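Please read the following explanation with the sequence and the model side by side. It begins with a local detail and then turns to the contact between chains.

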Amino acid sequence: MIDLDAVLLARIQFAFTISFHIIFPAFTIGLASWLAVVEGLFLKTGNKIYEDIYKMWVKIFAVCFGMGVVSGVVMSYQFGTNWSVFSDKVGNVIGPLLGYEVLTAFFLEASFLGIMLFGWDKVSRKMHFVSTVIVAVGTLISAFWILAANSWMQTPQGYDILDNGLLVPTDWIEIIFNPSFPYRFMHMVTAAYLTTAFSVGGVAAYYLWRKKHVEHARIMFAMAMLMAVFVAPLQLMIGHAHGENTMEYQPIKVAAMEGNWNRGGNKPLYLFGMPDQEEEKTEYGITIPNGASLILTGSRDGEIPGLRDVPAEDRPPVAIVFWSFRVMVAMGMAMIFTGVMAIFLFWRKSLYSFKPFLLWCMAMLPSGFIAVLAGWFVTEIGRQPFTAYGIIRTTESVSPIVAEQVMLSLGLFIIIYTVIFGAAVYYILRLVRKGPLISQRADTYYSHSTEVVGKIAAEDAEGKKDV
Amino acid sequence: MFDLSSWLDLPLIWGFIIATAVFLYVLLDGFDLGCGILFPFAPTDSCRNKIMNSIAPFWDGNETWLVLGGGGLFAAFPVAYAILMPAFYLPVIFMLAGLILRGVAFEFRFKTSGKDRRIWDISFHAGSLTATFMQGVILGNFVQGVEVSNRSFAGGPLDWANGFAFVTGVSLVFGYALIGATWLIWKCDDETQIWAKRVANYVFVFVAGAMGIVSLCMPFIDDKISAFWFTTPNIFYLLPFPVLTCIAFLWLWKSLHSDNDVQPFILTIFIFLMGYAGIGISLYPWLVPFSFTVWDAAAASTSQSLLLVGTVMFLPLILAYTAYSYYVFRGKTHDKSLY
């Protein structure tokens, strides 16, 4: 009855489209808030440098937001195309949460985005600032609802199961504020802010390295480093609290993250290891004795859940969860190290000039994206083999579709996403190379997009009116 | 728990809300998809820039109605969503692919010139055309009904590829082209407007023909539909639909040959409304024709109640700031103002 190939393909296709999608919100959530701060500073101080920075980054924001929108529309239909049985069963519970996301966030973002991008001299400065703030708030509201829905799938509560297998809600507050939601929301929003900070910091480091746009770059770099100093360590604490919460509600996920097979105390922390799902052990371990117990329980002999607590068919794929977790933590540690270095160099008065550190910050540019993706791999693959944890298995969720359909759509998405991702990166890099000074030309209707490229300026010079 | 079902017929209200959301989508994204369909036929690059600029601030908001349609269906009628999405799997995927290709073209096109820009021009046109055609195919299949057993789609992966769906697909392409052209008559001037009028005249004939063919086919799809339309006294109550549509077509023809800029757009909206309402009342009360009515497919009344509160609170707000955004970008789109 169940076509395993179709299940696997549906999972791969869903994982691909949602991973692609999350890259852009992860960036635009932070970028929108940061742009609101920058525009606020411009309004308050009247300093043109803030305006230049805003106008440079709002163009990058436009590209990323557009990518987020088009890949997001896909997501709103993929629940039905790939996981129709799941949609039918849990629609009563998570459907309204997604409905609220559309009503309270998507329209808000979409309408005011138009003003934010194209309305610079169509509305007053204050109204433009208000639009930016509204877009920023919209991204956070959107994150609230989608993470509530996702967290419910991880730690479901506030529902009843009817005889026909359908779920019905019994308490909305319990559903929305389910146990993992506050932690996941904080962790993700903070991750988005850090992703933006390290992107901005990386670009600023590049300018400082090349001694271009130094005035602008110093402001961007300082703001990014402030985030690294204060928010990166904060994220470690939030992540730790999230981990403790996961140990309480999804112990098997934690066991997979730690590569721990047998429940017990005095468990080591694996820095490196090869979890073997068949043999049920983690080999080639480089470990810190008692480390896992100490971190997760606060005492060296604290009890850690083991994968053998449940039958083999109830375990997630261990290796990918184990390794994704290590990648995420490594990125986090590198971010904290960046903050520490920044304090040290600031004290030595060489924050903006110490070349190895600028190089390091350029290398750290993608760290946030990597950490976000790795983190989602941990939490989503760690939830397997269930879609709604403990209630519905992934194999019971899939649509009545044939493998060929999914293969075709997967191929199509891979081609299209590769092309548009490549194009987006290419145009963003061009915007970065162009730098912030371009906006010092007169403000115009579609200035956010038309002034960008050197070629256009060249055409101007040649007197072509055709943009 | 909070429940409005003892006071209100929630499934009926939700059926109406979803139908309204989809209709607003058809109108709003209809004109900007239409612009994409007509795009390569514009006489000059300057025209094409105007077309693009006239819709750039709005397309994202317009497309959000599609998300509301999908998300709303999921929330209010999960089983309908769970049946229809797999039933229309490939058309939905192709539609989404088309929407992606045209959506990214806005930002990418602004950032390029010359040959690079041509790539995004093609992407914009082909994406718009594909998305529209697939929406028409989905509509054509929706009205024919889908095969269902045990709360799931039970048909084959290529059931959607049939003659009637092809006709509705092509019809929708002409329909969107018409509403796109009349939008451009309103928002543009000079050569773009003159061209848009010529296009509207041309497309007009096809839209009228397509609407006639689809209307004539509808009663043959299901006995219930023909019984609904062709029995007394229904036929007298329903007569205004075809009559008003014919009047609107004639008026539109006249209006296209006058100096009125905004009237053709309004009349096209009215024609769309008539066509949409005609399909709507023919299918009522089916949500998954012909196996689930809105009452059969309804989510738990507590779920519908919760989201109804949000809709009543936020939908007027959404309409207000959408209107505000259209107001901010009011007036003719000038190529000059690009500088």
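Which residue in β4(A) does Asp276(A) stand opposite? In this predicted model, the residue of β4(A) that stands opposite Asp276(A) is Lys281(A). The two strands concerned are β3 of chain A, residues 269-276, and β4 of chain A, residues 281-288, which pair in the antiparallel sense over six bridges. Together β3(A) and β4(A) form a hairpin with four residues between them, and within that turn Glu280(A) has a positive phi of about 60°.

One pair of helices shows how α3 of chain A, residues 84-118, meets chain B: it packs with helix α14 of chain B, residues 301-328, at an angle of about 10°, their axes lying 9 Å apart. Because angles under 35 degrees count as roughly parallel, α3(A) and α14(B) are described as roughly parallel to each other. Among the residues that make the contact are Gly95(A), Gly99(A), Leu103(A) and Phe107(A) of α3(A), together with Leu307(B), Gly310(B), Phe314(B) and Ile318(B) of α14(B). The residues of this contact between α3(A) and α14(B) divide into eleven nonpolar and eleven polar, with no charged residue.

Technical notes:
Residues numbered from 1 in each chain as written. Chains lettered and ligands numbered in written order. Predicted model: local features only at pLDDT ≥ 70, side-chain atom pairs only at ≥ 80, totals over all residues. Axes fitted to C-alpha atoms, helices over the stretch in contact; angles between N-to-C directions. Parallel < 35°, antiparallel > 145°, perpendicular 65-115°, else oblique. Contact = placed C-beta atoms within 7 Å. Nonpolar A, V, L, I, M, F, W, Y, C, P; charged D, E, K, R; others polar. Pairing = 2+ DSSP bridges.
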